[in-house]
Amino acid sequence: MPPRLIRDFEIPERRAWSRPVPGTSTSRSRTVGADGARSEVARQAVPGAGRGHCVFAYHEILKAPQPAPPDYLPGRCEVHYRGSLSPDFYGWMFPHGDTLSIGTGSADRGFSMRGAVADLRQRLGLAQAQTLRREGAPIPMKPLPRWDDGRHVVLAGDAAGVVAPASGEGIYYAMASGRMAAEALGQFLRSGDARALKAPRRAFMREHGRVFWVLGLMQRFWYLDENRRERFVGICRDRDVQRLTFEAYMHKRLVRARPLAHLRIFLMDLAHLLGLARV
């Protein structure tokens, strides 16, 4: 007989910024906490859930202007490293066909993200573009130290903190953690052994923990001030950096196939760290 799942959670009404996306659906579960970065399930059930670190993100969805202004290219994603747009993260402009997202993120609660987005809109010639909606949400930047309550609850996605530092990418990692949680729940329901619920975090960190550690280190160091951001952008102009970054992004693992490229990038990083390289 499968174990009787007796615990339920009272999830408060969602705020306006976290409305379900049109065309999606929601469901209730007595075993999985997948209710976002400020997970109420995690708060109620999982020890240490309050220790997660978040960046707060804000963006505006605009109607793509016709004709396009000179500084807006509808086929180009833009990432802006500038202290006035974010003191510790980045600003962005991502086109979506007939619409576009323009936004920023920061862990500094005193920073005006709306003001930064207005500034970026002005820079890109989008100040007069029609605003369709405005949204904000916390984005976790570090996996939680524990994903289960030791009895019958396991976390996944943003609730577990699986958003990549530095980039803020979370969709792939949410799906990966959700698959791992589903497999663990299947084993738990068959055996009744709650130890199965510890497997998702172990498997996730074994597969992605090193990437998260490297990205977290990169964000803490290179996003710190304007000088380091300029040096970081200078490093990103390098073709080997671009190629290795793209391969790591696509395959979700660190690439070791080009030892000489890694050595050259290491020496270039060292030169920037010591202030020997020109920006």
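## The second largest pocket

In this predicted model, helix H4 (199–222) gives the most to the lining of the second largest pocket, contributing nine residues; helices (H or I, at least four residues) and strands (E, at least two) are DSSP runs numbered from the N terminus. A pocket is here an open set of points, on a 1 Å grid over the protein atoms alone, where a 1.4 Å probe fits and which has protein on both sides within 12 Å along at least five of seven lines, and a lining residue has an atom within 4 Å of a point. The lining comprises 23 residues, of which His53, Met141, Lys142, Gly216 and Arg220 lie nearest the centre of the pocket.

By class, 13 of the lining residues are nonpolar, five are polar and five are charged, where Ala, Val, Leu, Ile, Met, Phe, Trp, Tyr, Cys and Pro count as nonpolar, Asp, Glu, Lys and Arg as charged, and the others, Gly among them, as polar. The space in this pocket is about 520 Å³, a volume being the space filled by probe spheres set on grid points that are joined across faces, edges and corners.

## Basis of the model

Residues are numbered from 1 along each chain as its sequence is written, and side-chain values use heavy atoms, with hydrogens and water left out. The model is predicted, and local features need pLDDT of at least 70 while side-chain atom pairs count only at pLDDT 80 or more, although totals for chains, interfaces and linings use all residues.

## Overall fold

The chain holds seven helices and seven strands, which follow the pattern β-α-β-β-β-β-α-β-β-α-α-α-α-α when read along the sequence. Of its 279 residues, 41% count as buried, a term that means under 20% relative accessible area, with exposed over 50% and partly exposed in between (1.4 Å probe, protein chains only). Among contacts (heavy atoms within 4.5 Å) between residues at least 6 apart in sequence, 67% join residues at least 24 apart.

## Nonpolar cores

A nonpolar core is a set of buried Ala, Val, Leu, Ile, Met, Phe, Trp, Tyr and Cys residues joined through side-chain atoms within 4.5 Å. The largest such core has 41 residues, and Trp147, Leu155, Tyr173, Phe204 and Tyr223 touch the most other members. Helix H1 (40–45), strand E2 (54–63), strand E7 (154–155), helix H3 (171–191), helix H4 and helix H5 (226–236) are the elements that give two or more residues to this core. Apart from this core lies another, of 16 residues, which includes Leu100, Phe111, Leu126 and Ala129.

Not counting residues up to four places away in sequence, Leu155 touches Gly33, Ser39, Val41, Ala42, Val46, Leu144, Arg146, Trp147, Ala160 and Ala181.

Glu169 lies in the loop between E7 and H3 and is buried at 16% relative accessibility, and its side chain makes a polar contact of 2.6 Å with that of Lys252. Beyond its neighbours within four places in sequence, Glu169 is in contact with Val162, Val163, Ala164, Tyr249 and Lys252.

Glu78, in strand E3, is buried with a relative accessible area of 8%, and its side chain makes polar contacts with the side chains of Arg76 (2.7 Å) and His80 (2.8 Å). Tyr58, in strand E2, is buried at 7% relative accessibility, and its side chain makes a polar contact of 2.6 Å with that of Glu60.

## Backbone features

Most residues other than glycine have a negative phi, and most peptide bonds are trans. The peptide bond from Gln66 to Pro67 is cis, with omega near 0°, and Pro67 lies in the loop between E2 and strand E3 (78–80). Ala166, in the loop between E7 and H3, has a positive phi near 75° and counts as buried at 3% relative accessibility.

How values were computed. A polar contact is a pair of N or O atoms within 3.5 Å; within protein, one must be able to donate a hydrogen and the other to accept it, and residues adjacent in sequence count only if both atoms are side-chain atoms.
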